[in-house]
Amino acid sequence: MKECVYDFAIDAQYTRPQRSTLKGPSTAAKYCIVTITYIPTSAIVWQEVVEVSEREELEGKVYKRGENVGTIRAIEHLSKMLKYPEQANFVHDECGATEAIIASVFGLAQSAIDAWHREKKVAKSLSKHFSKKGAVVESECLSILQSDFARKWRIIVDSQPKEERRSKWLGLKHVVKSQWGNSISQNAMEAIDDFIEEYVTYMDRASVVSNPSTQQVECYHSFANKFWSKRTQLPRLLPTKSKLSAIAWNNVDNYQNRIRDRVYQELFSNDVTRSMV
């Protein structure tokens, strides 16, 4: 029987109920929306809307941030809902709290990092290793190396099968030596080797799933702006608007009628609802 594997992406978005004006700054975040999508289809499978003042406890530790509270609730719900929870993998932004929550409920081996966010850190990380080794690299060469490694990271992360990504990334050591061995110092080459060794750990974490990206959740965040603004003026309506945006995103059949019914049920009293339907 074919192994059943679930690959999910999880991300959070905060809202602020008041825009900054000349009369004063914007107010603090009011709500946090944590969304989980099923990567193969981009469908939203669960969503939690929490007030930032809420708290949640997990394994004796109290979590205070809205995204952590929402993540705990969403992850625990999925663990009960899935037929094979041991086959669930989660892609998320690099965050220690998110990683700890997933590890507590599903296990650390089922936690994957978002490759795009790690790609954006290639330039800074490579420069850090050059500084550690005291290697001086001309700015033009440094810029080329940074761009080249970022490009190769993206190509390898996108390659299949995912089990071969580690060896492809480590193979860059030989490629760099053949291309740059006569152009940069020995210290610089050692720094590059150290950089590749550091990033092989991230490659392992990114390769837990076939498509290590939270991009689809980010796209949903933009889509949801059709229903509500990040600086919504009516925060009490946000939970309902968020549910409606999720229904529309999933393109559920007859979702227009579902939206109408949900609005009537959640925004109006029973008397008003009966008079409008």
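Predicted model: local features only at pLDDT ≥ 70, side-chain atom pairs only at ≥ 80, totals over all residues.

Me: Is Arg-73 buried, partly exposed or exposed, and with which residues is Arg-73 in contact?

Reply: Buried means under 20% relative accessible area, exposed over 50%, and partly exposed in between, with a 1.4 Å probe and protein chains only. Arg-73 has a relative accessible area of 24% and is therefore partly exposed. Contact means heavy atoms within 4.5 Å, and, leaving aside neighbours within four places in sequence, Arg-73 is in contact with Glu-48, Val-50, Glu-54, Arg-55 and Glu-56.

Me: How do I read a pair of packed helices, and at what angle do α5 and α7 cross?

Reply: Two packed helices are described by the angle between their axes and the distance between the axes. Axes are lines fitted to C-alpha atoms, for helices over the stretch in contact, and angles run from 0 to 180 degrees between N-to-C directions. For α5 (residues 139-158) and α7 (residues 172-180), the axes come within 13 Å and cross at roughly 150°. Angles under 35 degrees count as roughly parallel, over 145 as roughly antiparallel, 65 to 115 as roughly perpendicular and the rest as oblique; α5 and α7 are therefore roughly antiparallel to each other. On the α5 side the contact includes Cys-141, Ile-144 and Phe-149, and on the α7 side it includes Leu-172 and Trp-180.

Me: What is the orientation of α4 and α5 to each other?

Reply: The axes of α4 and α5 come within 9 Å and cross at roughly 130°, and these two helices are therefore oblique to each other. Their contact is made by Val-122, Ala-123, Leu-126, Ser-127 and Phe-130 of α4 together with Leu-142, Leu-145, Gln-146, Phe-149 and Ala-150 of α5.

Me: Which elements do the buried residues of α5 pack against?

Reply: Among the buried residues of α5 are Leu-145, Phe-149 and Trp-153, and the buried residues of this helix pack against α3 (115-119), α4 (122-133), α6 (165-170), α7 and α8 (186-206).

Methods:
Residues numbered from 1 in each chain as written. Heavy atoms only, no water. Helix = DSSP H or I, 4+ residues; strand = E, 2+ residues; numbered from the N terminus.
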